[in-house]
Amino acid sequence: MFQPPPSPGATTNHNQHSVLPTPLSIQGSTALVPVNLNANTGNGQEGVQDEGFVQAQAIVQHSQKLQDDLRILGMKIKQHEDNLNRLNTERSQLDECILHLQAAIGDIQSSSTPKIGNGVGNNPNPTGDEEINKQILKHEKSAAGIFCQLKTRHGTQASNLPLTKDVVGVVATLGKVEDDNLSRLLSDFIGVEYMLAIVCRTHEGVKALEMYDNEGFINKSSGLHGLGASIGRALDGRFEVICLESLRPYPGKYVVDDPQRKLDILSPRLPNGKSPAGFLGFAVNMINIDSSNLFYVTPNGYGLRETLFYNLFSRLQVYKTRAEMIQAFPCITDGALSLDGGVVKSCGVFSLGNSEDVHVRFPSPDSSMGSDIKIETERKMKDVKLKKEKILEELKRERTLLDMAKFNFNKMKSDFVKFLAHSNSYATQAQTTR
């Protein structure tokens, strides 16, 4: 990085000239002021002294002018370098945005391609909310089944009961996935236990679901146990409950201007710096969330994506094929799965064989919603690519201006060094003639 030359009045070592670069095109400033060091127009000693004073003054003034011009050029060089750094940063951000949008488009397009399953009961038809509710109700003696039965019977009034007013819902009902095959894979990845988990906002809501007597035994007449007994569905076995306020939320930023508030997770990179082939995106960003659950679901203002789904899926990566997923092993940190059934649970842990078909899965969004999302995503991709083209043009222009400024600086620096050498020669000559 260039440093500007010393300010006026600073001492200068004639043997080492530290000159600072700064960018500006200076026209007409590189020509040396003509100084006639050999002229002798005066008569007598007094005339020689007057002439020496004028010559010395001219040298000082011109030296100062050259230093000022060099300083201006140095400032210009630094300005262009700062502009290049800023533009390169913006280009990197746009590249990341393009990767996110490509992954989103790939996810949407995958829903319209033939599904390649693992041979276990693939359902070619999208799964709707009603079908998912039926599947949950089949688990009659589960906490989720009892909760859904309560909602079916009492509708919106169920949300006002002391027992359930803090309950957000069952995991399977809190998100939607475009591709039914991907929905099956995601459901299989976290397991039916967590698909049927009850989600509460606070720890108070968790305590309301199950109470204990003085000896620490479960009070079967209160909480979900009492509710199940009252409707003829005695709660059997353990059940999972997720407390949102106790979860550690996603610590990063969100994708700018994304209506679904997707998490801005850095895309995976192979050791050669390239994005792995077949990468479709992160599972946590492939789930559509109802707008009412995107903000202020927890007391701290977080939504479901950065709390519930980030803790369920973390940075789980999704690939088109098992072969492409295997090629991407070096950049898989929190697990991966492929649309043809490949599963990496975590780094070094694989899930092999055929999985059982998971009937409780995430429902598909309305077709109109998917179409709108695709149109909006493609529009954003077009805008981002246009911005990148403009950035590339600005980068080219700044590089040209920087090269010109450096050329002018080096030329002026060379002239300045010659001028200093000439001045030294004059000073030596003047000392000799005295």
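This is a predicted model: local features need pLDDT of at least 70, side-chain atom pairs count only at pLDDT 80 or more; totals for chains, interfaces and linings use all residues.
**Group meeting: a pocket, a helix and a surface patch**

The largest pocket here has a volume of about 1000 Å³, where a pocket is an open set of points on a 1 Å grid at which a 1.4 Å probe fits, with protein on both sides within 12 Å along at least five of seven lines. Residues are numbered from 1 along each chain as its sequence is written, and side-chain values use heavy atoms, without hydrogens and water.

The pocket is lined by 43 residues, and Cys-97, His-100, Leu-101, Val-255 and Val-256 lie nearest its centre; a lining residue has an atom within 4 Å of a point.

Turning to helix α7, residues 223-230, six of its eight residues are buried, that is, under 20% relative accessible area. Those buried residues are Gly-223, Leu-224, His-225, Gly-226, Leu-227 and Gly-228, and just after α7, Gly-232 takes a positive phi of about 80°.

Finally, Ile-326, Phe-329, Phe-350 and Leu-352 make a nonpolar surface patch of about 420 Å². Of these, Leu-352 sits in the loop between β8 (349-351) and α10 (367-433), and Leu-352 is exposed, at a relative accessible area of 77%, the cut-off for exposed being over 50%.

Technical notes:
Patches are made of residues with over 30% relative accessible area and no salt bridge: like charges are joined within 9 Å, nonpolar side chains (Val, Leu, Ile, Met, Phe, Trp, Tyr) within 5 Å. Accessible areas come from the Shrake-Rupley method with a 1.4 Å probe; for residues, only the protein chains shown count as cover. A salt bridge is a side-chain nitrogen of Lys or Arg within 4 Å of a carboxyl oxygen of Asp or Glu. Helices (H or I, at least four residues) and strands (E, at least two) are DSSP runs, numbered from the N terminus. Buried means under 20% relative accessible area, exposed over 50%, partly exposed in between (1.4 Å probe, protein chains only). Grid points are joined across faces, edges and corners, and a volume is the space filled by probe spheres set on the points.
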